[in-house]
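The sequence and coordinates are shown first.

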Amino acid sequence: MSDCIFCKIVAGAIPSRKVYEDEHLYAFHDIQPAAPVHILIIPKAHVASLADCNQSHADDLGRLLLSAPKIAKELGLDDGFRTIINTGKGGGQEVFHIHAHVLGGAKLRPLVDSVASA
Ligand code: AMP
Ligand code: ZN
């Protein structure tokens, strides 16, 4: 088994609060939510980050992004949501299995404010 925490979540070796699963994707609640609704969407196939993706990952990346509005709608985020992909340590990435954050359920601060405060 890979040491990757998100691969372990996909395999069921670490528990998660699943919100969506299909052949290629897995989505679950973030353990430390930064908004009333905070979901992580991941491809089941491990790739460390967006910077490690190439043409062979295009289908998974497309599926991941296209799943975000569907999952957001199912979770009642009718007013909109924010999608974030942190890339690399300098981009704030802590778990090196690519994931999209989907945040919503409240009026979110403008992103430039939260970046500027770092
Ligand atoms: P990032 O900083 O973009 O790599 O985001 C990693 C996210 O994974 C953080 O928001 C963490 O709260 C979340 N996280 C870490 N471990 C778990 C876990 N076991 N279950 C759910 N979310 C997790
Ligand atoms: Zn992984």
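Cys 4 and Cys 7 are both buried, where buried means under 20% relative accessible area, exposed over 50% and partly exposed in between (1.4 Å probe, protein chains only).

## Basis of the model

The model is predicted: local features need pLDDT of at least 70, side-chain atom pairs count only at pLDDT 80 or more, and totals for chains, interfaces and linings use all residues. Residues are numbered from 1 along each chain as its sequence is written, chains are lettered from A and ligands numbered from 1 in the order in which they are written, and side-chain values use heavy atoms, with hydrogens and water left out.

## Sheet and helix packing

An open sheet is formed by 5 strands in the order S1-S2-S3-S5-S4, with antiparallel pairing. S1 and strand S4 (82–84) stand at the edges with a single partner strand each, so one side of each has no neighbour in the sheet. On average, neighbouring strands of this sheet are turned by 20 degrees against each other, direction ignored. Helices (H or I, at least four residues) and strands (E, at least two) are DSSP runs, numbered from the N terminus; two strands pair if DSSP finds at least two bridges between them.

S3 is joined to strand S5 (residues 100–104) by 5 bridges, and the two run antiparallel. Ile 39 stands opposite Val 102 in S5, and Ile 41 stands opposite Ala 100. H2 packs on the sheet, touching S1, strand S2 (25–29), S3, S4 and S5, and its direction makes about 155 degrees with that of S3. Contact here means heavy atoms within 4.5 Å; axes are lines fitted to C-alpha atoms, for helices over the stretch in contact, and angles run from 0 to 180 degrees between N-to-C directions.

## Strand S5

Because 5 of the 5 residues of S5 are buried, the strand is largely enclosed by the rest of the structure. Side chains in a regular strand alternate between the two faces of the sheet. From S5, Ala 100, Val 102 and Gly 104 point one way, and His 101 and Leu 103 the other. S4 is joined to S5 by 3 bridges, running antiparallel, and Arg 82 has Leu 103 as its bridge partner in S5.

## Salt bridges

The whole structure holds 3 salt bridges, each a side-chain nitrogen of Lys or Arg within 4 Å of a carboxyl oxygen of Asp or Glu. Glu 21 pairs with Lys 18, the closest N and O atoms being 2.8 Å apart. Lys 44 also forms a salt bridge with Glu 21, with the closest N and O atoms 2.8 Å apart. Lys 44 lies in the loop between strand S3 (37–43) and helix H2 (58–74) and Glu 21 in strand S1 (residues 18–21), so this pair ties together parts that are 23 residues apart in sequence.

Arg 63 and Asp 60 meet in a salt bridge of 3.0 Å, N to O. Both lie in helix H2, 3 residues apart, about one turn of the helix. Arg 63 is partly exposed at 30% relative accessibility, whereas Asp 60 is buried at 17%.
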